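Below are some notes on the model you sent. They are in numbered points, to be read beside the coordinates.

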Amino acid sequence: MRKHSLIKQSLVGLGAAIGLCLSGALTAADTIKVGILHSLSGTMAISETTLKDTMLMLIDEQNKKGGVLGKQLKPVVVDPASDWPLFAEKARELLEQEKVAVVFGCWTSVSRKSVLPVFEELNGLLFYPVQYEGEESSKNVFYTGAAPNQQAIPAVDYLMKEVGVKRWVLAGTDYVYPRTTNKILEAYLKQKGVAEEDIMISYTPFGHSDWQSIVADIKKFGSKGKQTAVVSTINGDANVPFYKELANQGISAEDIPVMAFSVGEQELSGIDTKPLVGHLAAWNYFMSVDDPANRKFIATWHKFIKDKKRVTNDPMEAHYIGFDLWVKAVEKAGSTETDKVTKAIIGLQTSNLTGGKAKMLENHHITKPVLIGEIQEDGQFEVVWRTEKEIPGDPWSKFLSGSKQDVTKD
């Protein structure tokens, strides 16, 4: 009897174990994993943590609508910690171990360059939400941030035509995005007749904090009787001491305006903006844009994050656009398989947050408006200029020697 009882208990235990395994398998089968690859520590955390939170919000909102293909989305968050080689390791972890269907992530171009071989090797799918230098087109990446023709070139044109700038300081963090962007801008400026002596180029490392001598050099460069501007590709938390030093040395927007490509509402939230009023930024979205879709997005964000002081910014909108296009493509394809989604997404459109449409192009870039904003005392931007319509993203620059001038073919 005891023997039969033990056998019965063993069978019951085995059945329960099998049931749990099947339940786990069914649970896994009923979910779609979405990778989130953003720095939550290190020098880029100031910018990227908000993008992680944005993705969690977008996934939560989509799950409330019933998920995708009848399945709930499950976020898988990793922290590459502003360590560029670690980005590649974490990307491989997401694709090989976690088996995510898609990844939303990266900020700096060096992090994107680090993960690119991994996504191409494993045929993964990356949505990249930040402005970049162009000169790249991969079938495994969708670029929802601005290409140079959707930010850098229009910003320089604005400074030339509306501000009358004659001398140019190209100041950036020392990595691929600022260096390539500045090569494009230097060639563009010279083509426009700007003399070499009227262009100053400066690079500093990530996290740079001692700006006294560099700002003094900028001040001296701008004292030659010609209107001078700084075109800034400074990234991450180095922006805080940079702007503080401008104020310390009495450089106002009237004297030498700064046109930033990597400073938005999130970065300004940690700065006393009163001395910065009038300095500029070029983006494709500002929180201050009065549009019904934007008002709804901001309200949803504040409700999700439980903090009405938290701002929204351009890369958040890029994730909003990219995520919605991915959802539409998956539903259209009836699958999360990379090749099927990649084919389905071309030509799809979704609303942006500034009153227009974002369309995914064959070259894996989207259409975007270009906006110039002026810093206000409250840390927001007043839009002082914008394009009349959306500009198609072009990764290849006609101003840069050796640019491929071609498009991605799937």
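**Notes on the predicted model**

1. Confidence first, since this is a predicted model. Over residues 406-410 pLDDT stays under 50, and the model has 14 contacts for this stretch beyond four places in sequence. Residues 17-26 also stay under 50 in pLDDT, but for these the model has zero contacts beyond four places in sequence. Where pLDDT is low, the predicted coordinates should not be read in detail. For the protein chain as a whole, the mean pLDDT is 92, and 92% of the residues reach 70 or more.

2. Strand β1 (residues 31-37) is mostly covered, with five of its seven residues buried. Seven bridges link β1 in parallel to strand β2 (residues 72-78), where valine 78 is the bridge partner of leucine 37. β1 also pairs in the parallel sense with strand β3 (residues 102-105), over four bridges; here valine 34 stands opposite valine 102.

3. Further along this sheet, β3 and strand β4 (residues 126-128) run parallel and are joined by two bridges. Valine 103 has leucine 126 as its bridge partner in β4. What handedness does the β-α-β unit of β1, α2 and β2 have? The unit, in which α2 spans residues 45-64, is right-handed.

4. A second open sheet has seven strands and mixed pairing, ordered β7-β6-β8-β9-β10-β14-β15. β7 (199-204) and β15 (381-386) are the edge strands, each pairing on one side only. The twist in this sheet averages 25 degrees from one strand to the next. Strands β8 (residues 228-233) and β9 (residues 258-260) run parallel and are joined by three bridges, with valine 230 opposite valine 258. Helix α7 (residues 212-221) lies across β6 (167-173), β7 and β8, and runs at about 175 degrees to β7.

5. The largest nonpolar core has 64 residues, of which Leu37, Phe323 and Trp326 touch the most other members. Helix α11 (residues 314-333) supplies the largest share of this core, eight residues. Another core, of 30 residues, lies apart from it and includes Met200, Trp211, Val240 and Trp283.

6. Tryptophan 326 deserves a look on screen. Beyond its neighbours within four places in sequence, its contacts include Ile32, Val34, Val68, Leu73, Phe104, Phe127 and Ile345.

7. Is proline 315 buried or exposed? Its relative accessible area is 1%, so proline 315 counts as buried, the cut-off being under 20%. Proline 315 sits in helix α11. Not counting residues up to four places away in sequence, proline 315 touches Leu51, Trp107, Pro129, Val130 and Trp283. Histidine 279 is 36 residues from proline 315 along the chain, and their C-alpha atoms are separated by 20 Å.

Methods
Residues are numbered from 1 along each chain as its sequence is written. This is a predicted model: local features need pLDDT of at least 70, side-chain atom pairs count only at pLDDT 80 or more; totals for chains, interfaces and linings use all residues. Side-chain values use heavy atoms; hydrogens and water are left out. pLDDT is the predictor's confidence in each residue, from 0 to 100. Contact means heavy atoms within 4.5 Å. Two strands pair if DSSP finds at least two bridges between them. Axes are lines fitted to C-alpha atoms, for helices over the stretch in contact, and angles run from 0 to 180 degrees between N-to-C directions. A nonpolar core is a set of buried Ala, Val, Leu, Ile, Met, Phe, Trp, Tyr and Cys residues joined through side-chain atoms within 4.5 Å. Buried means under 20% relative accessible area, exposed over 50%, partly exposed in between (1.4 Å probe, protein chains only). A crossover is right-handed if, with the strands pointing away from the viewer, the path from the first strand over the helix to the second runs clockwise.
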